[in-house]
Structures are given as structure tokens and as C-alpha cells.
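Please view the sequence and the structure before reading on.

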Amino acid sequence: MLNNQGFDLWADGYDKSVALAEENDEYPFAGYKRILNTIYNHVLSQAGKSVLDIGFGTGTLTTKLYQQGCTIYGQDFSHRMIELAQEKMPEAHLYQGDFTLGLAKELTEHQYDAIIATYSLHHLSDTQKVRFLSDLLELLTPSGCVYIGDVVFHTRDELETCRRRMAEMWDEDEIYFVFEELRHAFPKMEFEQVSYCSGILYLKRKL
Ligand SMILES: C[S@@+](CC[C@H](N)C(=O)[O-])C[C@H]1O[C@@H](n2cnc3c(N)ncnc32)[C@H](O)[C@@H]1O
């Protein structure tokens with residue numbers, strides 16, 4: 001599992017390496033652009049425009065939302081990723097912090113119309129995911145939504161099939177989402193499959 005220094009080193013080459021993997025339809029980034037575009041369209045079609053991005057990286061998605069007038073908040077633990085994102089979004093409220101330890105205090109003092117996390121929360125164990133997502137739900141406005149774009153499978157069997165197919169590339173340190181399992185904790189969660197290894201999870205506040 002990459003730590004913050006690992007992500008610091010990856011930061012300047014990140015966009016290029018993701019684009020290359022995406023173009024070649026390679027795990028884990030097959031479907032990356034479609035995921036980001038879909039979330040972008042959902043967020044802009046919502047009423048409010050206050051957005052929290054967890055693990056925003058170089059700010060690929062949030063910069064586009066920022067340019068459309070969204071107020072951007074975010075947390076990432078990589079100093080270099082924050083520098084790159086802040087350059088593109090000078091007015092964004094970006095905080096450094098390890099989300100396995102929770103959100104920065106300043107971020108817990110707001111409510112968000114959209115909370116997005118793309119290719120970041122697979123760094124949490126399944127138990128941590130449930131706890132963290134429950135905390136995020138509390139920070140949503142009544143009509144808000146959490147969007148998770150990541151390596152996601154409908155079932156454990158599908159994950160195992162992909163693991164066997166991608167044996168040489170598979171990252172054993174990353175803990176991918178299994179929709180059917182997560183749905184036990186969040187019955188209202190919805191899943192949209194985007195590629196053979198990725199998709200979007202939608203989670204709304206219980207009303
Ligand atoms: C694969 S990148 C994804 C970046 C961006 N969301 C995207 O879709 O391109 C993962 C990001 O999450 C951040 N990250 C990973 N683990 C983290 C943690 N425990 N706490 C905070 N940020 C973390 C990394 O620094 C990196 O910027």
C-alpha cells in the first residue's frame with residue numbers, strides 16, 4: 001500500500017500513467033474517464049454545489065467542478081498532490097490528513113451536496129469503509145449524495161474472477177469494494193458497473 005511519500009513521488013507522473021492505463025483498458029483504471037465524467041454530470045445536475053473530495057489527487061475531477069462554480073473542499077495525505085491541486089484551484093479548501101484516521105476537523109464543520117471519492121477508499125479495510133461512509137453520510141445535505149468511483153465488483157465471485165485474470169498486475173494491498181457485501185450495511189446503496197473492474201457506488205442520506 002502506498003503511503004503519502006509514495007503518492008508524493010507518483011504525483012507528477014500520475015495523470016499520464018492513469019491516462020495510459022485507461023486508454024489500454026487496463027486494470028485498475030479501465031473506465032476511469034467514464035467514472036469521472038458520470039460523477040461530474042451527476043454533481044452538476046444536483047441543486048447545491050458544495051463538494052467534498054476525499055483523496056482528490058491532482059484534482060482531475062474537482063478542478064472541472066471548480067471551474068463550474070462549485071465550492072470545493074478536500075482531504076488528501078500527499079503534500080505534492082495537494083500542491084498540484086491547489087495550483088489549479090486556488091480558492092479550494094484543501095487539507096492534509098490521513099483519512100484512515102478520519103476527516104480533518106475543519107471538514108467536519110460543513111455539510112456537502114456531494115461527497116466524492118475516486119480511486120482512494122480502497123485504502124480502507126471493509127470495516128473501516130463502513131465506519132467512514134457512515135460518518136460521511138452525516139455530513140450530507142438532505143438531498144446530497146456520496147459518489148464512490150473505484151475498483152468495484154457486484155459480488156465476491158466477480159472480484160475473484162478478475163483477480164485470477166489479472167494475477168500478474170493485481171495489487172494485493174488494495175481492498176476493493178464488493179457491492180453485495182457493503183449493501184448489508186447500506187441497504188439503499190446503488191451500484192453502476194462501468195468496466196470489467198470498476199464502477200460507481202451511490203449512497204444517499206436516509207430520510
Ligand atoms: C489513486 S489516487 C486517486 C486520485 C483522484 N481521486 C483520481 O481519481 O484520480 C489516490 C489518492 O488518494 C490519496 N490517499 C490515499 N490514501 C490516503 C489516506 N489514507 N489518506 C488521505 N489520502 C489518501 C493519495 O494521496 C492520492 O492522491
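## Contacts along the chain

In this predicted model, 65% of the contacts with a separation of 6 or more are between residues 24 or more positions apart. Of the 207 residues in the chain, 34% are buried.

## Overall fold

Seven helices and eight strands make up the secondary structure of the chain. Its radius of gyration is 16 Å, close to the 17 Å given by the globule rule for 207 residues, so the chain is as compact as a globular protein of that length. The C-alpha trace spans about 45 × 40 × 30 Å along the principal axes of the chain.

## Helix 3

Which residues of helix 3 are buried? In this helix, which covers residues 60-67, they are Leu-61, Thr-62, Leu-65 and Tyr-66. Viewed down the axis of helix 3, the buried residues fall within an arc of 135°, so they line one face of the helix.

The cover over these buried residues includes two helices, helix 2 (32-45) and helix 4 (79-88). It also includes strand 1 (50-54), strand 2 (71-76) and strand 4 (112-118). Just after helix 3 comes Gly-69, which has a positive phi of about 95°.

## Around the ligand

How many residues surround the ligand? There are 16, and the closest are Phe-7, Gly-55, Gly-57, Ser-78 and Thr-118. Sorted by class, the shell around the ligand holds eight polar, six nonpolar and two charged residues.

Terms used. Residues numbered from 1 in each chain as written. Predicted model: local features only at pLDDT ≥ 70, side-chain atom pairs only at ≥ 80, totals over all residues. Helix = DSSP H or I, 4+ residues; strand = E, 2+ residues; numbered from the N terminus. Rg over C-alpha atoms; globule rule 2.2 N^0.38 Å. Buried ≥ 20, exposed ≤ 12 C-beta atoms within 10 Å, placed from the backbone. Contact = placed C-beta atoms within 7 Å. Arc of directions from axis to C-beta. Near = placed C-beta within 6 Å. Nonpolar A, V, L, I, M, F, W, Y, C, P; charged D, E, K, R; others polar.
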